Each structure stands twice: as C-alpha cells, then as structure tokens.
Amino acid sequence: MHNIFIIYTGGTIGMVQDSETGTFIPFDFELIEKNLPDLSRLNYKLTVHSFDPIIDSSNMRPSIWLEMAKIIRDNYELYDGFVILHGSDTMAFSASMLSFLLEGLQKPIIFSGSQLPIGEIRTDARENLMTALEIASAKRDGISIIQEVCILFDNKLFRGNRSFKYNSDKFEAFRSPNFPVLAEAGIHIRYNDEVLVNNAGQEFICHYHIDNRVGVLKLFPGISKDTIEAVLNSNVRSIVMETFGSGNTMTDSWFLELLENAIKSGKNILDISQCKVGSVELGRYETSQGLKSIGVLNGYDMTFETAVTKLMYLQGELESQEDVAHWVQQSLRGELTKND
C-alpha cells in the first residue's frame, strides 16, 4: 500500500457553488472524497492535512510557503510522496519556492488543482487528482521516479520552477516552453527519463528563511524616469528587471546611470526577458552590452515566478549581496539553462 500525504490549501478544486448567490465558496476536503468514490478502491493510504482556514491562492505569502515546507519536513520519512492541492493562479510561485526550500528531495512533491470545481460535471479535478496520486506513488526498484517539486495539470507533469500559468479559460492551464515535460499521461504514464532528477545520495534539507525584499521593474516604451526611480530607490535588496527580447533595454545614458547607481548602492538587478520562450543573452546586441558592463545580472531563461522566489530564497539564506548575485545566476534546482 502506498502512503500519500495530501496538503489541501484551497483553490478551485475544493469549491462548491452557493445556491443563493451563485458564487463559488470553499468546502471541506471530505466532500472531495465523496465526489471521488474511486479513491477508496485504490491501494493508497491517504493522509490529508487541510489548511484552516483554507486559502485562496491570490492570498499566498511567504509564511504559508514556510508552513508547507515544514509540514513536508515533519512527514518526509513517513510517506512515499506528497500531493499539494492549490489554487492555480499562484501555483507556479509556490512550486518554485518549495523547489528551493526543499533541497535534496528523493520523493515527489506534486502540485495540482483544477480549472473547475470537483463537483462540476465536466471538471478536470478528478483526472488531475487521480494522476497526481499515481505519479506521487510511482517507483522503480523501490525508488521514487520523480524526485523534485512538480506541477501536474491536464495530463502533463512539469518541473515546478520551469512552469507558469498561461491560460485561465482552458484545462491546459500551464506551460513550460523552455524545458521539456517530465511526464505525460495517456493510456500509460510515460516518463521523460532523460530530464528527470536523480538525487540519490543527497541529504534532504529543509530551509526556513525567506527575505521578500524584491522589486520588479517591467520596461515598456515610454516608461518615465520617475517610475524607474521609484522602483530602483525602493527598500529592496534585489530587482527583477523584465526586459525586451534576449535581455535588451533602451540605451539612454540617464537610464543606464540610474541602473548603475542602484547597483553601486548595493542592489542586485536581475535581467529576465518578457518573452515566454528563449533566454537572456547579455551583450549579444548593443542594447544589452551596456547592462553587462555595469553589472546587471543574467537571468537566462528563468520564469518570472522563479526569478522572484529564487531571490527571496537566496536573500533569506545569504547576507552578502555578492553571494546572492553569484548564486542567482547558477542552476540550483534545474531552474535555468546557461547559454554562455
């Protein structure tokens, strides 16, 4: 019998329609079990931890990430795998953060949810939950096939820190264009062995520190100097700068001077692309050569969700800004591919 630990945080999967208002409201996980009678037929021993109160994913925050990580730490030796039921809107942020907080995983942590409540006739909740449970319990020669934090949605298993929600209207809610899917469920679940993580021999470590002093500067044609100054002068340790194409910005001297002054004052500026596919290549074009020369950091092909949570994690673990700058440009949990 497989022992699976389910963490139920909330989200659409656990919603029911209020007969008076017509709006969707949360309900207890026991009703999910009633909507899935097949659960009792499976060779699983399920233990459920429900957040109280349950959480709309729009209210996700660092304290909840730490709580989830500690729940997994406290139960890590007792279970074969973990399934986290979570609202889809911020699922990629949570999966990315837990990938950093939980180092050396040798068991699967599978985030899943749904676009429709589990009680709806055409819901995707049943398939997502059943497949997540099967992957969370899957082993070869007694060893878990998946040994990392993932997102399971619409029969595809993604690396958590490579994924983002791109569609709020289709069951195919997530994509990972810069990294292959880890598995795909059809008649059989087919695993992409070439890209799976093997953490055999590593020590499992749960980290407990997050520093959320991270700002975001999203560039657009015509952005004002005042707007840029407001972000660069804010009380943060690092800034995620969303640039054009392969990491390009305008080349105005005043703009580069503002960035350079912020870096000299001790802030880290991480360059990621607004494009969902591709990678930052600092110095490839004249429009990014100046960034490289003043010390802007290369975010390569990291998603926005990963860039933000990785900086929060590193800042929580490291006091030195130089150390944060170094490690944010390295692959810690398979979250980026270096192109230099």
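Is Cys275 buried, partly exposed or exposed? Cys275 is partly exposed, because its relative accessibility is 42%. Here buried means under 20% relative accessible area, exposed means over 50%, and partly exposed lies in between (1.4 Å probe, protein chains only).

The views show a predicted model, in which local features need pLDDT of at least 70, side-chain atom pairs count only at pLDDT 80 or more, and totals for chains, interfaces and linings use all residues. Residues are numbered from 1 along each chain as its sequence is written, and side-chain values use heavy atoms, with hydrogens and water left out.

**View 1. Cys150 is in no disulfide.** A disulfide is a pair of cysteine sulfur atoms within 2.5 Å. By this rule the structure has zero disulfides. For Cys150, the nearest cysteine sulfur belongs to Cys206, 17 Å away. Cys150 counts as buried because its relative accessibility is 0%.

**View 2. Ser112 sits in strand β7, residues 109-112.** Strands (E, at least two residues) and helices (H or I, at least four) are DSSP runs, numbered from the N terminus. With 1% relative accessibility, Ser112 counts as buried. Its side chain reaches the backbone oxygen of Leu152 at 2.9 Å. Contact means heavy atoms within 4.5 Å. Beyond its neighbours within four places in sequence, Ser112 is in contact with residues including Ile84, His86, Met91, Asn128 and Phe153.

**View 3. A cis peptide bond joins Asp52 and Pro53.** Omega is about 0°. Pro53 lies in the loop between β4 (44-50) and α2 (62-75).

**View 4. Asn155 and Tyr300 have positive phi.** Most residues other than glycine have a negative phi. For Asn155, phi is about 70°. Asn155 is in the loop between β10 (149-153) and β11 (156-159). It is partly exposed, at 25% relative accessibility. For Tyr300, phi is near 50°. Tyr300 is in the loop between β20 (297-298) and α8 (304-317). At 4% relative accessibility, Tyr300 is buried.

**View 5. The structure holds one cavity of 30 Å³ or more.** A cavity is a set of points, on a 1 Å grid over the protein atoms alone, where a 1.4 Å probe fits but cannot get out; lining residues have an atom within 4 Å of a point. The largest cavity has a volume of about 30 Å³, taken as the space filled by probe spheres set on the points. Arg162, Phe164, Pro177, Asn178, Asp301 and Thr303 line it. The lining divides into two nonpolar, two polar and two charged residues.

How values were computed:
On a 1 Å grid over the protein atoms alone, a cavity is a set of points where a 1.4 Å probe fits but cannot get out, and a pocket is an open set with protein on both sides within 12 Å along at least five of seven lines; lining residues have an atom within 4 Å of a point. Ala, Val, Leu, Ile, Met, Phe, Trp, Tyr, Cys and Pro count as nonpolar, Asp, Glu, Lys and Arg as charged, and the others, Gly among them, as polar. A polar contact is a pair of N or O atoms within 3.5 Å; within protein, one must be able to donate a hydrogen and the other to accept it, and residues adjacent in sequence count only if both atoms are side-chain atoms.
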